[in-house]
Amino acid sequence: QVQFVESGGGLAQPGGSLRLSCTASGSIFSLYTMGWYRQAAGKQRELVASIMSGGATNYADFVKGRFTISRDNAENMLYLQMNSLKPEDTAVYYCNYVYRDDGSWGQGTQVTVSS
């Protein structure tokens, strides 16, 4: 089973930036649509952004214009550049396949934005 590993989270001030990274154990995911998800305390997990194998992207309305999803297929890496951070961005961020159900959720990486 594919397991994803996220990193790059931490503490940021409102208006600050963080860059999250994701890779996978046992998978080369360059041919699949990948997504970044987040789950805030007491809330349901939600899709933040997705990127197709050819590079086309989609964003949730609440991050559009602030976050950028990208991938480096040669390095088997997925990234989320987060700018203009808001306190409501505070959550655990995860990566996974968007259209496949055989990926395991990783530990995630905590993003905290102070108010």
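Which residue's side chain meets that of Arg66 in a salt bridge? The partner is Asp89, with N and O 2.8 Å apart. The notes below take this pair up again after the overall layout.

1. Basis. This is a predicted model, in which local features need pLDDT of at least 70 and side-chain atom pairs count only at pLDDT 80 or more, while totals for chains, interfaces and linings use all residues. Residues are numbered from 1 along each chain as its sequence is written, and side-chain values use heavy atoms, with hydrogens and water left out.

2. Overall make-up. The protein chain has 11 strands and 0 helices. Here strands (E, at least two residues) and helices (H or I, at least four residues) are DSSP runs, numbered from the N terminus. The radius of gyration of the protein chain is 13 Å, close to the 13 Å that the globule rule gives for 115 residues, so the chain is as compact as a globular protein of that length. That radius is taken over C-alpha atoms, and the globule rule is 2.2 Å times the number of residues to the power 0.38. Along the principal axes, the C-alpha atoms fill a box of roughly 40 × 25 × 20 Å.

3. Of the 115 residues, 45% count as buried. Buried means under 20% relative accessible area, exposed over 50%, and partly exposed in between, with a 1.4 Å probe and protein chains only. Among contacts with a separation of 6 or more, 55% come from residues 24 or more positions apart; a contact means heavy atoms within 4.5 Å.

4. Five strands form an open sheet in the order 7-8-3-1-10, with mixed pairing. Two strands pair if DSSP finds at least two bridges between them. Strand 7 (67-72) and strand 10 (103-104) are the edge strands, each pairing on one side only. Strand 1 (residues 2-7) and strand 10 run parallel and are joined by 2 bridges. Within this region, Gln3 stands opposite Ser104 in strand 10.

5. The nonpolar core. The largest nonpolar core has 28 residues, and those with the most contacts inside it are Phe4, Trp36, Leu78, Leu80, Met82 and Tyr93. Such a core is a set of buried Ala, Val, Leu, Ile, Met, Phe, Trp, Tyr and Cys residues joined through side-chain atoms within 4.5 Å. Strands that each supply at least two residues of this core include strand 1, strand 3 (18-25), strand 4 (34-39), strand 8 (77-82) and strand 9 (91-97). In soluble globular proteins, nonpolar side chains tend to be buried together.

6. Ser21. This residue lies in strand 3. Ser21 counts as buried because its relative accessible area is 15%. Leaving aside neighbours within four places in sequence, Ser21 is in contact with Val5, Glu6, Ser7, Trp36, Met77, Leu78 and Tyr79.

7. The disulfide. The count comes to 1 disulfide, a disulfide being a pair of cysteine sulfur atoms within 2.5 Å. Cys22 and Cys95 form it, with their sulfur atoms 1.8 Å apart. Cys22 lies in strand 3 and Cys95 in strand 9, so the pair ties together parts that are 73 residues apart in sequence. The torsion about the S-S bond is about 70°, which means that the disulfide is right-handed. Cys22 is buried at 1% relative accessible area, and Cys95 is buried at 0%.

8. Arg66 and Asp89. Arg66 is buried at 10% relative accessibility, and Asp89 is buried at 0%.

9. Other salt bridges. The whole structure holds 4 salt bridges, each a side-chain nitrogen of Lys or Arg within 4 Å of a carboxyl oxygen of Asp or Glu. In one of them, Glu46 meets Arg38 at 3.0 Å, N to O. Glu46 is partly exposed at 32% relative accessibility, whereas Arg38 is buried at 5%. Another joins Asp102 to Arg100, the closest N and O atoms being 2.4 Å apart. Asp102 is partly exposed at 28% relative accessibility, and Arg100 is partly exposed at 33%. Salt bridges that share partners join Arg38, Glu46, Arg66 and Asp89 into one network.
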